[in-house]
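Here is a short note for a colleague who is opening this structure for the first time. Please read the points in order.

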Amino acid sequence: MDQALRKDADQIISSSIRAVLPDQAVASALKTFQPGGGRTLLVSAGKAAWQMARAAVDVLGRVDGGIVITKYGHVMGEIPGVVCREAGHPVPDENSFSATQEALDLVAGLTPADSVLFLLSGGGSALFEKPLVSGEELQDVTRQLLSCGADIVEMNTVRKRLSAVKGGQFAQACAPARVFSIVLSDILGDPLDMIASGPAYPDLSTAEQAAAIAEKYGLTLSEQARGLLERELPHRLDNVTTQITGSVRELCAAAAAQCAALGYEPVLLTDQLACEAREAGSFLAAVLKTHAGDGRSLAYIAGGETVVRLTGKGMGGRNQELALAAAPGIAGLTGAAVFSVGSDGTDGPTDAAGGYVDGETLDALKAKDLDVFSVLRENDAYHALRAVDGLVITGATGTNVNDVAVALLRR
């Protein structure tokens with residue numbers, strides 16, 4: 001492994017994630033929050049839920065009750081007046097369902113003078129859920145969507161119709177209280193109706209679109225679920241004010257700034273990356289090969305969210321798969337590296353945020369009798385990268401604004 005390149009990569013990752021932590025963003029958004037004179041309740045859901053809730057309580061001083069619903073391992077301590085719950089992601093579990101019911105109980109019977117501060121971040125589709133089908137079927141549908149290559153918009157168009165809280169329905173449950181929603185975006189283009197499936201935002205998708213997605217991917221659904229896909233959800237909500245804060249654009253800008261500080265010329269390729277992870281990795285490797293003779297230190301940056309089509313039974317995530325797919329393309333290139341990380345610190349069902357490869361990785365894998373293409377067929381990037389010290393492990397970061405991939409050339 002090129003230790004100098006790996007050190008640069010670690011600095012770029014650390015600096016980028018620090019720049020998109022939600023503390024300051026939540027504090028800034030709360031400057032326009034005006035409680036109605038009654039009770040102020042807090043509901044925070046998503047992978048950044050704990051961090052957002054702590055920042056909000058620090059600013060407000062106190063709340064009259066609240067709940068955090070976040071991913072396992074993401075609660076970092078107690079928050080005064082707020083119950084903290086951990087639940088399943090990316091597949092919802094019984095803790096997702098019971099914690100969401102606690103949130104619904106918290107906001108039941110409110111008055112027009114009451115206020116609900118609703119803090120939402122990516123991951124909320126699994127974590128904040130009250131299914132209208134059995135929990136087992138919802139879990140199965142989620143797994144089908146995750147494995148077939150559906151993107152996040154397609155997934156949420158289907159999932160919100162199988163839910164009692166998504167697609168604006170949570171805001172309806174809070175009425176007549178006012179809802180002030182602060183949203184940390186994890187979807188390209190920041191579509192508010194799709195981030196965590198839009199529990200407090202009018203639905204902009206249609207029943208026809210949901211049915212078309214189910215047909216496109218050949219989803220196995222019960223008759224009850226197929227009937228629910230025909231539901232139209234609220235297209236208007238009069239009790240909600242929404243502020244969006246944080247996005248993959250800020251993540252890419254922070255990566256570019258740190259690259260420049262380390263002596264690289266940063267080039268933003270896109271902040272709208274949306275393709276299969278393997279394709280993205282191969283593309284970034286091709287970019288490095290094209291510019292390997294330029295004689296400059298360059299950093300190519302791509303932000304967004306790729307997808308993985310499951311063909312095996314291994315362990316990994318989209319960022320690990322992207323990095324591993326780049327290894328053959330940059331094999332033997334001096335001063336070349338590709339790395340990709342999820343800003344939330346978790347990549348798929350693993351403890352890694354992503355993966356790192358450089359021009360020496362392919363030989364290191366071969367020395368361990370690991371063939372990249374066989375590993376990718378088995379979707380087992382985690383174990384392969386772990387064998388060559390190619391995992392990027394940050395721990396839970398407290399934010400979630402998509403992923404960033406960087407291709408470095410050092411001269």
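**Notes on a helix, a sheet and a loop**

1. Helix H13 is mostly covered, with 11 of its 13 residues buried (buried means under 20% relative accessible area, exposed over 50%, partly exposed in between, with a 1.4 Å probe and protein chains only). Among the buried residues are Asn319, Glu321, Leu322 and Ile330. Helices (H or I, at least four residues) and strands (E, at least two) are DSSP runs, numbered from the N terminus.

2. This is a predicted model, in which local features need pLDDT of at least 70 and side-chain atom pairs count only at pLDDT 80 or more, while totals for chains, interfaces and linings use all residues. Residues are numbered from 1 along each chain as its sequence is written, and side-chain values use heavy atoms, leaving out hydrogens and water.

3. The end C-alpha atoms of H13 are 19 Å apart, which agrees with the 18 Å that its 13 residues should span at 1.5 Å a residue (the expected span is 1.5 Å times one less than the number of residues). Just after H13, Gly332 has a positive phi of about 85 degrees.

4. An open sheet of mixed pairing has 6 strands in the order S7-S8-S12-S9-S10-S11 (two strands pair if DSSP finds at least two bridges between them). Its edge strands, S7 (265-273) and S11 (391-392), each pair on one side only. Strands S9 and S10 run antiparallel and are joined by 5 bridges.

5. Met76 lies in the loop between strands S2 (66-71) and S3 (82-87). Met76 is partly exposed, at 41% relative accessible area.
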